[in-house]
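Below are some numbered comments on the model, for a colleague who has the coordinates open. They cover the core, the helix packing, several loop residues and the backbone.

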Amino acid sequence: MGESTSCGPDCACGAPAREVLAGERIALPLLRSTGGEDRDRRGRHEIVQARIPAGSFLMGDSSGDENRGDGETPRHRVELEGFEIDATTVTNADFARFVDATGYRTEAETFGFSAVFHLAVTAPDADIMGPAAGTPWWYGVRGADWAHPGGSASDLDGLDDHPVVHVSWNDALAYCDWAGRRLPTEAEWEYAARGGIDGAKYPWGDEEPDDGGWRTNIWQGSFPRENTLDDGWLTTAPVRAFAANGYGLHQPVGNVWEWCADWFDPRAYEHAAVVDPRGPSHGTARLLRGGSYLCHISYCNRYRNSARSSNTPDSSMGNAGFRTVSLRTENA
């Protein structure tokens with residue numbers, strides 16, 4: 001794949017915060033709770049579970065490819081109880097069951113727009129709010145939401161088994177509340193993503209993603225104008241399009257960024273707890289892990305086990321989704 005270039009803290013394939021797309025500060029909508037009166041409709045979380053054994057691992061970058069400002073170091077040992085995590089990210093079909101059961105409206109729908117990569121826009125010109133400052137390949141698009149990932153002229157035809165996108169951290173939390181689940185902590189996410197290979201760069205080991213055939217969905221070609229589609233996908237791929245890691249997780253890196261429970265702090269590892277770390281007690285942005293279909297070694301090499309990113313809890317974009325964790329932990 002060639003050699004990576006230096007990538008600073010603003011170098012990411014994640015979308016800008018919602019306020020950047022809007023060009024102004026925007027009022028937060030009132031989120032519709034799925035608790036209380038809706039608990040009798042708590043529903044069918046049908047994703048196969050990967051059982052993660054209790055154990056310890058070295059968390060953080062071991063490859064030397066860390067991105068400045070992301071806080072991937074210092075490496076530190078973490079101990080976790082066993083848990084169950086979704087083998088795949090939540091799909092469009094999974095999220096549709098939630099919406100059908102509760103009538104929930106995502107923040108993209110409430111605000112009326114979301115972030116769409118410029119080559120994925122499927123919308124009238126009047127819906128395009130314009131490129132984001134600093135990352136002009138991202139457009140604010142009116143009418144873009146989980147059911148219309150490219151904009152108002154798009155739909156989910158043929159995408160039932162693709163990851164749901166245009167969901168904010170708050171939206172993911174609402175799904176968890178309905179399903180009786182939770183978001184993984186950052187430590188749980190990385191432990192599960194490593195698949196039992198401690199210290200490896202990727203979920204499958206240290207081989208590059210294109211070594212012997214593509215192992216995950218990232219960008220090929222010249223970012224952000226030309227994608228040669230060597231791995232078969234311009235945007236999202238089906239959640240089981242690539243082989244699972246040693247713990248049974250499909251595509252923890254590449255495809256879509258995944259929301260985690262923690263607040264983001266680039267210095268969090270300097271004072272992290274050893275046992276079951278939960279991250280900072282407060283912050284302004286929530287953690288995203290795993291990279292996406294827009295990551296490329298020449299620009300954003302965040303398709304690694306240790307890579308970190310973040311965005312505000314109300315932001316949504318066409319390359320971020322989530323997977324969930326069981327509320328029960330095990331000592332196995």
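**Comments on the predicted model**

1. N255 is found in the loop between β10 and β11. Phi of N255 is near 70°, a positive value in a residue other than glycine. Most residues other than glycine have a negative phi. The relative accessible area of N255 is 2%, so the residue counts as buried.

2. N255 is also among the residues touched by S292, which sits in the loop between β12 and β13 (308-311). With residues up to four places away in sequence not counted, S292 touches C13, N217, I218, G254, N255, V256, W257 and N319. Its contact with N319 includes a polar one of 2.8 Å between the two side chains. S292 has a relative accessible area of 0% and is therefore buried, the cut-off being under 20%.

3. D276 is another residue other than glycine with a positive phi, in this case near 45°. D276 belongs to the loop between β11 and β12. Is D276 buried or partly exposed? Its relative accessibility is 28%, so D276 counts as partly exposed.

4. Two cis peptide bonds should be noted. One runs from T73 to P74, with omega near 5°; P74 lies in the loop between β2 (55-59) and β3 (76-80). Another runs from F223 to P224, also with omega near 5°. The loop that holds P224 is between β9 (221-222) and β10 (226-227). For context, most peptide bonds are trans.

5. The largest nonpolar core has 52 residues, and those touching the most other members are F95, F98, W138, Y175, L294 and F322. Which elements each supply at least two residues of this core? They are α2 (92-102), β5 (113-117), β7 (135-142), α4 (169-179), α5 (186-194), β11 (257-263) and β12 (286-289). The most is given by α4, with seven residues. Apart from this core lies another, of 16 residues, including A187, Y191, Y247 and V325. As background, nonpolar side chains in soluble globular proteins tend to be buried together.

6. How do α2 and α4 pack, and at what angle? The angle is about 75°, and the axes are 11 Å apart. That angle falls within 65 to 115 degrees, so α2 is roughly perpendicular to α4. On the α2 side, D94, F95, R97, F98, A101 and T102 take part; they meet A174, Y175 and W178 of α4. By class, the contact holds six nonpolar, one polar and two charged residues. F95, F98 and Y175, which take part in this contact, are also among the residues that touch the most other members of the largest core.

7. α4 is mostly covered, with nine of its 11 residues buried. These are W169, N170, D171, A172, A174, Y175, C176, W178 and A179. The cover over them includes α2, α3 (107-111), β8 (181-182), β11 and β12. Just after the helix, G180 takes a positive phi of about 70°.

8. α5 is mostly covered as well: nine of its nine residues are buried. The buried set is E186, A187, E188, W189, E190, Y191, A192, A193 and R194, so-called charged positions such as E186, E188, E190 and R194 being included. A187 and Y191 are members of the 16-residue core. G195 follows α5 and has a positive phi, near 65°.

9. T89 is in the loop between β4 (82-86) and α2. Which residues is T89 in contact with, leaving aside its neighbours within four places in sequence? The contacts are I47, D94, P163, V239, V256, E258, F322 and R323. Among these, D94 also meets α4 from α2, F322 is one of the residues touching the most other members of the largest core, and V256 is also touched by S292. At 4% relative accessibility, T89 counts as buried.

Technical notes
Residues are numbered from 1 along each chain as its sequence is written. This is a predicted model: local features need pLDDT of at least 70, side-chain atom pairs count only at pLDDT 80 or more; totals for chains, interfaces and linings use all residues. Side-chain values use heavy atoms; hydrogens and water are left out. A nonpolar core is a set of buried Ala, Val, Leu, Ile, Met, Phe, Trp, Tyr and Cys residues joined through side-chain atoms within 4.5 Å. Buried means under 20% relative accessible area, exposed over 50%, partly exposed in between (1.4 Å probe, protein chains only). Helices (H or I, at least four residues) and strands (E, at least two) are DSSP runs, numbered from the N terminus. A polar contact is a pair of N or O atoms within 3.5 Å; within protein, one must be able to donate a hydrogen and the other to accept it, and residues adjacent in sequence count only if both atoms are side-chain atoms. Contact means heavy atoms within 4.5 Å. Axes are lines fitted to C-alpha atoms, for helices over the stretch in contact, and angles run from 0 to 180 degrees between N-to-C directions. Angles under 35 degrees count as roughly parallel, over 145 as roughly antiparallel, 65 to 115 as roughly perpendicular and the rest as oblique.
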